[in-house]
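Please open the model in your viewer and keep the selection tool at hand. The stops below tell you what to select next and what you will find there.

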Amino acid sequence: MEQEPDIFDRMAAQAVDKQAPQPLSKEELPALSESPLAAQNPSKTPSNVRQALQFLLAHGWLESAAKPKLFSVIAAQTTLLDALLEPLDLRVVVDDVRGLAFLAVVPDYAGDDTDESEQDDWTHPLMKRQRLTLEQSLLLAILRREFLQREQESGTGAVVRVTVDSLLPQLETYLGSTGSDMQERKRLGQLLENLRTHGMVTEVDAQDCITIRPMIVRLLNPENLQTLLLRLREVAEQGSAHGSKANAEGTP
């Protein structure tokens, strides 16, 4: 015969029933979805924007010809990307005409230099300035001028290719001739390779040509480059005049 639960068993059963969660009513369910718990999981950054941002942070810039999908995302989501980059003091610059997008330091960036004498030479933890030699700067100025001239002739956005041989006489105009075609070509090849690592030109192809990258018009101060070319031309002309005078005085 089954025994009836005693008073202690009935009290324990009532306590368990009180602790068990009660099912939510239909009116309470929507309120739960809008609770602070749900706010802790906000919508994520779209995957295509995330991919574009990561590419820019890894490489610094991109061309639409090489990455058309990423470039389209960047061009369409510049405001969102700028907001995501704001804590880093960076922003996105898009050149729609040339199909170019790159990161830049915000204009009001103060830098972290404490030495007042170096305020103009700012540094950024994620960006660094590239210092070029005089010969690299000279070749860069020549290539930039060539790029802009081709753009004027063929239209902005045109692919600009030049032969290596066409650059040799221009370089000699400012640096002078070494007297050896092999040495001058070797010097030019080394300079082009250095600029290639900075993303300004492509490798020399099978036709002995290079393509000048559109980024060249964005990285440099055009006024400084033009001043450099003028000054070097003056020095070259003065050197040529002195040489001619010396030869004339030495002539019997």
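Begin by selecting Glu 63, Ala 65, Gly 157, Val 159 and Pro 214, which lie nearest the centre of the second largest pocket, whose lining has 17 residues. A pocket is found on a 1 Å grid over the protein atoms alone, as an open set of points where a 1.4 Å probe fits, with protein on both sides within 12 Å along at least five of seven lines, and its lining residues have an atom within 4 Å of a point. The volume of this second largest pocket is about 270 Å³, where volume is the space filled by probe spheres set on the points, which are joined across faces, edges and corners. Two or more residues of the lining come from each of the elements α7 (134-154) and β5 (209-212); helices (H or I, at least four residues) and strands (E, at least two) are DSSP runs, numbered from the N terminus. By class, the lining divides into 8 nonpolar, 5 polar and 4 charged residues, with Ala, Val, Leu, Ile, Met, Phe, Trp, Tyr, Cys and Pro counted as nonpolar, Asp, Glu, Lys and Arg as charged, and the others, Gly among them, as polar.

The model is predicted, so local features need pLDDT of at least 70 and side-chain atom pairs count only at pLDDT 80 or more, while totals for chains, interfaces and linings use all residues. Residues are numbered from 1 along each chain as its sequence is written, and side-chain values use heavy atoms, leaving out hydrogens and water.

Next, select Thr 211, which has its place in strand β5. Leaving aside neighbours within four places in sequence, Thr 211 is in contact (heavy atoms within 4.5 Å) with Val 159, Val 160, Arg 161, Met 200, Val 201 and Thr 202.

Now show helix α4 (residues 47-59) together with helix α5 (residues 68-76), whose axes come within 9 Å and cross at roughly 100°. Axes are lines fitted to C-alpha atoms, for helices over the stretch in contact, and angles run from 0 to 180 degrees between N-to-C directions. The angle makes α4 roughly perpendicular to α5, since angles of 65 to 115 degrees count as roughly perpendicular, those under 35 as roughly parallel, those over 145 as roughly antiparallel and the rest as oblique. To see the contact, select Asn 48, Val 49, Gln 51, Ala 52, Phe 55 and Leu 56 of α4 with Leu 70, Val 73 and Ile 74 of α5; these residues divide into 7 nonpolar, 2 polar and no charged.

Finally, return to α7 and show helix α8 (residues 164-175), where the two axes come within 11 Å and cross at roughly 130°. The helices α7 and α8 are therefore oblique to each other.
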